[in-house]
Amino acid sequence: QVQLVESGGGLVQAGGSLRLSCAASGPSFSRYTMAWFRQAAGKERECLARIIWSGGITYYADSVLGRFTISRDNAKNTVYLQMGSLKPEDTAVYYCAAAYLRLGATPIDYAYWGQGTQVTVAS
């Protein structure tokens, strides 16, 4: 069982940056693929970035490629999402998710979720 707690959301001006953190508790964190999703009002939950258990391979959605960076620190049981060049359309609730030794890009692939953190980008 893994518990996830996100932090770092808030209000930022367009063009600005934010770093989200997701602290995980539970065993075998290093065996989980970690991902960041977001869900804007009235839209489906979107997978933005994934990082495999070893941290060596990452995947990004086209919408954030080149602007967002996912990373993890297995010693601290934490995964990060560094967001830059933020746009108003990045406004959403951002979720951290974990999947045990799986690598998927849809919500159904992830068994564990954080509570979400709001990111609002003002124009």
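## Salt bridges and their partners

Glu46 and Arg38 are joined through their side chains by a salt bridge, with an N to O distance of 3.1 Å. The term denotes a side-chain nitrogen of Lys or Arg within 4 Å of a carboxyl oxygen of Asp or Glu. By this rule there are four salt bridges. The model is predicted: local features need pLDDT of at least 70 and side-chain atom pairs count only at pLDDT 80 or more, while totals for chains, interfaces and linings use all residues. Residues are numbered from 1 along each chain as its sequence is written, and side-chain values use heavy atoms, with hydrogens and water left out.

Arg38 also meets Asp90 in a salt bridge, at 2.8 Å from N to O. This pair links distant parts of the chain, 52 residues apart: Arg38 lies in strand β4 (residues 32-39), and Asp90 in the loop between β8 (78-83) and β9 (92-100). Strands (E, at least two residues) are DSSP runs numbered from the N terminus. Both Asp90 and Arg38 are buried.

A further salt bridge connects Asp109 with Arg102, whose closest N and O atoms are 3.3 Å apart. Salt bridges with shared partners join Arg38, Glu46, Arg67 and Asp90 into one network.

In the table, buried means under 20% relative accessible area, exposed over 50%, and partly exposed in between (1.4 Å probe, protein chains only).

| Residue | Relative accessible area | Class |
|---|---|---|
| Arg38 | 8% | buried |
| Glu46 | 28% | partly exposed |
| Asp109 | 15% | buried |
| Arg102 | 46% | partly exposed |

Notes: Helix = DSSP H or I, 4+ residues; strand = E, 2+ residues; numbered from the N terminus.
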